[in-house]
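Colleague: Could you walk me through the aromatic side chains in this one, and what sits around them? Take your time and keep it connected.

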Amino acid sequence: MIIIKSAAEIDIMRQCGRILADILDKLREETKEGVNTRSLDIIMEEETRKRSVIPSFKDYHGYPSNLCVSINNEIVHGIPGERIIEEGDIVSLDAGVIFKGFHTDSAITVGVGKITKQARELIEVTEAGLEAGIAQARCGGYIRDISAAVQNYVERRGYSVVREYTGHGIGRNLHEEPQVPNFAYEGGPRLRKGMVLAIEPMVNVGDWHTKVSEDNWKVLTSDGSLSAHFEHTIAIKEEGAEVLTCS
């Protein structure tokens, strides 16, 4: 069942999204050469406590951290630890927070120091693919319009979209209906005013297939190629989409 949010509920999610955007801005600044990924998780914990919000991911289905940190060929769900970030890495930061009972969810990919031309283009294409999907999030349209826009933008530039993990509805629960794939498909629900969605393209340099690491959390590209991830929580309004996870 797709849960339609009231204007008052969307306002709470808007406040939540701004807090999350500010936290991600802080995390972006701290994602540097020589930093270990656990320190980013500690910053996430400190920033949420400071702002009186709750990390969405901690203990969600047993996930052990406040933040997902995925590097290079890691797509999503990387658990922060002792790994040291190096110059040339691309680091995906995926975070969610709870404010007054509602979640928002967002992700960015950060290039550390001097990165390759291919890595830079991958990051740019992934973020622009997200923007292409958001541009199609119009009242009266369909989820599949978002999905096709992301896929078309990414694949025309020679990259692939991950198909085994998708965006989702969001609200009082971190994951709600409907799913929001990043590839074209038939059917699917119509977009209605009051729907709130997390759109999150994950884009690979190589093949779109994935594999799960031995910790049963971290998702990697099957061929070892680089991957990037961007995400925004948006609300469907009469005049189009409002991005809730922005400063």
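Modeller: First, a term: buried means under 20% relative accessible area, exposed means over 50%, and partly exposed is in between, using a 1.4 Å probe and protein chains only. On that scale Y153 is partly exposed, with a relative accessible area of 24%. Bear in mind that this is a predicted model, where local features need pLDDT of at least 70 and side-chain atom pairs count only at pLDDT 80 or more, while totals for chains, interfaces and linings use all residues. Residues are numbered from 1 along each chain as its sequence is written, and side-chain values use heavy atoms, with hydrogens and water left out.

Y153 is found in helix α4, residues 143-155 (helices are DSSP runs of H or I with at least four residues, strands are E runs of at least two, both numbered from the N terminus). Leaving aside residues up to four places away in sequence, Y153 touches V125, A128, G129 and A132, where contact means heavy atoms within 4.5 Å. There's a charge on this ring too: the charged end of R157 sits over Y153, 3.6 Å from the ring centre. For that label, NZ of Lys or CZ of Arg has to be within 6 Å of the ring centre and within 35 degrees of the ring normal. R163 does likewise with W208, lying over its face at 5.3 Å from the ring centre.

Now for rings meeting rings. Rings of Phe, Tyr and Trp (the six-membered one for Trp) pair if their centres lie within 6.5 Å; planes under 30 degrees apart are stacked, over 60 edge-to-face, and the rest tilted. By that rule there is one aromatic pair. Y63 and W217 have ring centres 5.1 Å apart and planes at 80°, so they go down as edge-to-face. The two come from distant parts of the chain, 154 residues apart: Y63 is in the loop between β1 (54-55) and β2 (68-71), W217 in the loop between β11 (210-212) and β12 (219-221). Y63 is buried at 3% relative accessible area, whereas W217 is partly exposed at 24%.

Three bridges join β11 to β12, and the two run antiparallel; strands pair if DSSP finds at least two bridges between them. In that pairing, K211 stands opposite L220 in β12. Both strands belong to an open, antiparallel sheet of three, ordered β3-β12-β11. Its edge strands are β3 (74-76) and β11, each pairing on one side only.
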